[in-house]
Amino acid sequence: MTTAVFSFYLFATILLTSAVMVILSRNPVHSVLWLIVAFFNAAGLFVIVGAEFLAMLLIIVYVGAVAVLFLFVVMMLDIDFAELRTGLSRYLPLGLLVAGVILAEILLAVGSWRAGDGIQMFDVLAGTPDGMTNTQWIGSVLYTRYLYVFQAAGLVLLVAMIGAIVLTHRQRVGTKRQDIGKQVQMTPAKSVRKAQPGVGQGVDL
Amino acid sequence: MTFTGWFQDLLGVDAGYLVATLLLILAIIVPVMVGVAMAVYADRKIWAAMQMRRGPNVVGPFGLLQTFADAAKLFLKETIIPSGASRGVFLIAPMISFVLALAIWAVMPFDAGLVLSDLNVGLLYVFAVSSMGVYGIIMSGWASNSKYPFLGGLRSAAQMVSYEVSMGFILVSVMLYAQSLNLSEIVMAQKGNVLGLLNGNIFNPLLFPMAIMFFITALAETNRPPFDLPEAEAELVAGYQVEYSSMTFALFFLGEYANILFMCALIPVLFLGGWLPPLDWAPLYYIPGFVWMLSKMAFMFFCFAWVKAAVPRYRYDQLMRLGWKVFLPLSLFWVVVVSGWLMFFTDKFATAPGSLPL
């Protein structure tokens with residue numbers, strides 16, 4: 001058994017085990033941590049097939065950013081599992097029905113799916129061309145052949161970002177904000193005023 | 001014959017590779033750990049000197065063995081696991097911190113060719129591993145099942161995620177200039193890049209602002225003052241480390257300093273010309289590159305300690321303002337400036353590197 005094969009089975013086993021543990025864990029924080037293990041091992045699989053750029057991006061984006069936010073939110077939730085489990089028998093038939101319908105749809109879709117005639121799907125499996133790194137190869141395809149798809153993906157993300165900002169941003173009245181430019185420009189001449197109030201008189205502020 | 005090749009002749013291809021790589025890893029980790037011990041000592045000495053104190057001066061000559069004495073004291077203490085803690089996560093968290101802080105050294109080039117793994121995505125590897133470092137802190141904060149660690153963990157997660165974004169853009173402008181993600185090639189791209197005379201991106205007016213910003217971002221990423229809010233002792237006791245004792249605490253401490261040392265090595269590689277001398281002048285190349293690299297690391301570490309002694313701690317909202325409202329727009333804008341300059345005034349992108357016939 002070569003090292004590559006051994007590492008493939010190692011990563012694949014851990015990946016599947018942790019994926020199952022995501023569902024089986026009783027504690028939601030543990031679920032997220034198992035999910036992170038799954039991401040990490042998926043990146044390992046990418047490295048084995050020679051897609052090290054994608055592997056690193058998977059770790060940077062999913063493990064380093066997305067999953068941190070997941071963990072952040074889940075850690076602060078207060079979930080009572082005993083309460084969640086009540087009514088299991090009542091909702092079980094409905095849940096099974098929905099799951100069955102979705103499974104049937106996936107089977108139908110995958111079973112009858114084939115690539116469009118114009119697209120050659122697997123014409124580049126030979127590996128990276130000579131004198132190019134993985135990164136250059138992805139860039140040379142992504143920014144030429146798939147430019148419109150790439151731009152469209154960016155637009156979708158932009159819409160999602162604007163949506164999130166619009167939903168969460170609120171203007172609070174009455175809060176004092178720190179304006180650093182103003183603070184730095186402050187001089188004694190601007191903020192101090194000499195006054196000599198007479199006896200029994202106050203100072204106008 | 002290479003080091004690895006010699007072992008492969010002796011023990012066969014696979015076993016030889018394994019043994020040689022393990023030895024090379026040890027050859028990096030042992031100096032790093034000794035360096036960490038010395039860095040802790042240097043940190044305290046520099047800090048003391050700036051406050052007109054003596055610092056550690058009792059254990060060993062000039063107090064040089066102080067760190068080892070502290071380590072021995074920690075090893076002999078009892079590991080306490082709080083009764084409400086989530087045991088597995090509580091124990092794994094410091095291990096993650098420590099292992100990641102060591103794993104990141106794999107791609108660090110100390111001299112021409114003196115690197116354990118010359119990855120072509122080296123800079124991304126560095127970014128990926130350092131972005132995973134937040135898990136050690138956030139897991140320990142949650143698993144301690146205690147208020148202060150939890151607050152420290154949350155602060156740290158928000159802080160590191162915020163500064164990673166602008167750090168990514170700074171790295172993008174460096175890699176655009178070097179046209180590579182490989183750390184060795186990034187160093188070589190700095191050879192004589194300013195008027196054919198000076199080595200190092202920091203002397204280049206185009207990348208000078210990025211160098212300063214990267215230094216500040218590195219301080220924030222390693223939770224060093226003035227960005228040490230996750231362990232702000234005045235508010236949070238010691239932040240995420242409150243419930244840790246003995247070895248588990250030692251692992252956090254070692255990991256933190258190993259990360260700081262790594263940042264002190266990464267700044268030279270990205271901006272100060274790595275193992276190259278600062279002047280592109282032949283006699284300077286007689287000094288081994290390793291010496292240049294180490295002296296630049298030492299200089300950067302002095303800067304880290306200097307900042308710690310000189311600057312008060314940021315307030316949390318100021319920290320977030322600096323990260324999101326100042327650094328992020330500035331670094332994003334600078335990526336546009338750098339790529340625009342390279343497009344219009346140099347021939348670096350005249351032909352796309354290895355463009356595919358489509």
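Which residues are linked with Asp43(B) in a network of salt bridges? In this predicted model, the network joins Asp43(B), Arg224(B) and Lys308(B). One pair in it can be followed in detail: the side chains of Arg224(B) and Asp43(B) form a salt bridge, with 3.0 Å from N to O. The two residues belong to distant parts of the chain, 181 residues apart. Asp43(B) sits in helix H2 (residues 13–50), while Arg224(B) is in the loop between helix H9 (208–221) and helix H10 (233–236) of chain B. Arg224(B) counts as buried because its relative accessibility is 3%, and Asp43(B) is also buried, at 1%.

The structure holds 6 salt bridges over all chains. Another of them pairs Asp280(B) with Lys191(B) at 3.6 Å. Asp280(B) lies in the loop between helix H11 (246–272) and helix H12 (289–310), and Lys191(B) in the loop between helix H8 (183–188) and H9, so the bridge ties together parts 89 residues apart in sequence. Here Asp280(B) is partly exposed, at 24%, and Lys191(B) is partly exposed, at 39%.

Between chain B and chain A there are 0 salt bridges. The two chains bury about 2700 Å² between them, and carbon and sulfur atoms give 75% of that area. On the side of chain B that touches chain A, helices H5 (122–132), H6 (134–143), H7 (147–178) and H13 (316–345) each give two or more residues. The residues on that side divide into 21 nonpolar, 6 polar and 5 charged.

In chain A, an unreviewed UniProt entry places transmembrane regions at several spans, including residues 6–25 and 57–79. In the model, residues 6–25 are 95% helix, and residues 57–79 are 87% helix.

Conventions
Residues are numbered from 1 along each chain as its sequence is written. Chains are lettered from A and ligands numbered from 1 in the order in which they are written. This is a predicted model: local features need pLDDT of at least 70, side-chain atom pairs count only at pLDDT 80 or more; totals for chains, interfaces and linings use all residues. Side-chain values use heavy atoms; hydrogens and water are left out. UniProt positions are given in the numbering used here, feature names are shortened, and annotations may be inferred rather than shown by experiment. Helices (H or I, at least four residues) and strands (E, at least two) are DSSP runs, numbered from the N terminus. Buried area is the accessible area (1.4 Å probe) that two parts lose on being put together, summed over both. A salt bridge is a side-chain nitrogen of Lys or Arg within 4 Å of a carboxyl oxygen of Asp or Glu. Ala, Val, Leu, Ile, Met, Phe, Trp, Tyr, Cys and Pro count as nonpolar, Asp, Glu, Lys and Arg as charged, and the others, Gly among them, as polar. Buried means under 20% relative accessible area, exposed over 50%, partly exposed in between (1.4 Å probe, protein chains only).
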